[in-house]
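These are my notebook entries on two regions that I looked up.

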Amino acid sequence: MAIDRARISHSIDDFEIAAASEQPIALDLETSGLTPFISEPSWISWASGDRCGAIPIKHRNPSIYNVDINRLKKVLLELHQRSDASIIWHNAAFDISILIGAGWLTVDQINAKSVFDSMLASYILNPVKNNEGGKHSLKFLYREMKSEHDPAQPTYKITTQGREF
C-alpha cells in the first residue's frame, strides 16, 4: 500500500474528528529521547479508517511548530477517557509514560479498557521472535501483517472487551 504524502494531515481539526469517531484509532508517539517520564513528545502520528496524520509538537523548524498544545492535550484526554474508544498504541506503556511525564495525562484519566497495545500483542502472539532475534517494531509488524494486500501473508485479528482490533 502506497501512502500519498499529500493526504497526510498535520491538522488538529482532522485528528479531533478522527478521535471523536467510533472507528478505532491507531496512535504512535515520537519523542525527544528514550527515557520514560522524562523525554518529551515530539510528534504524534494517527490513523483511523482511511485517514491519517502526523502532528508536529516540537520541531527544529519553528514554522512547522504551530500546534495548539492545550487543544492537542484536550483531544488526547477526551479520547482516553471514552469508554467506547478503541485506541491502538504501539508500545503503549512507553508512549503513555511520556504523556504522563509531560503532564498531558494521568493514570486516573485513562480508560485502560479502551487501550490496545500492538507491541504487547506481538510479544504474546510470537514469543519465539524474542529468542530468534525477531523484531516487534511497528515497521516489522506492518510488513508481516499486510495480508489484506498480500494474501500470502498471515492475518491476525484480536478481539478483546467485545471489540475487534
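Entry 1. I began with Tyr123, which I found in helix H4. The model is a predicted one, and I read the entries below with that in mind.

Entry 2. I then looked for the surface group to which Tyr123 belongs. Together with Leu120 and Ile124, Tyr123 forms a nonpolar patch on the surface. I noted about 310 Å² of accessible area for the three residues together.

Entry 3. Which residues of H4 are buried? H4 covers residues 118–125, and I listed Ser118, Met119, Ala121 and Ser122 as buried there. These residues lie on the same side of H4, because they cover an arc of only 160 degrees around the axis.

Entry 4. I checked the N-terminal end of H4 and found it capped by Asp117. A side-chain oxygen of Asp117 lies 2.9 Å from the backbone nitrogen of Met119.

Entry 5. I turned to Ala26, which is found in strand S1, residues 25–31. Ala26 has a relative accessible area of 29% and is partly exposed.

Entry 6. What does Ala26 contact, once its neighbours within four places in sequence are left aside? I recorded Ser45, Trp46, Ala47 and Ile88.

Entry 7. Last, I looked up the separation of Ala26 and Phe116. They are 90 residues apart along the chain, and their C-alpha atoms are separated by 9.2 Å.

Terms used:
Residues numbered from 1 in each chain as written. Predicted model: local features only at pLDDT ≥ 70, side-chain atom pairs only at ≥ 80, totals over all residues. Heavy atoms only, no water. Buried < 20%, exposed > 50% of the residue type's maximum accessible area, 1.4 Å probe, protein only. Helix = DSSP H or I, 4+ residues; strand = E, 2+ residues; numbered from the N terminus. Arc of directions from axis to C-beta. Polar contact = N/O pair within 3.5 Å; in protein donor to acceptor, adjacent residues only side chain to side chain. Patch = residues over 30% accessible without salt bridge, like charges linked within 9 Å, V, L, I, M, F, W, Y side chains within 5 Å. Areas by Shrake-Rupley, 256 points an atom, 1.4 Å probe, with all protein chains shown as cover. Salt bridge = Lys/Arg side-chain N within 4 Å of Asp/Glu carboxyl O. Contact = heavy atoms within 4.5 Å.
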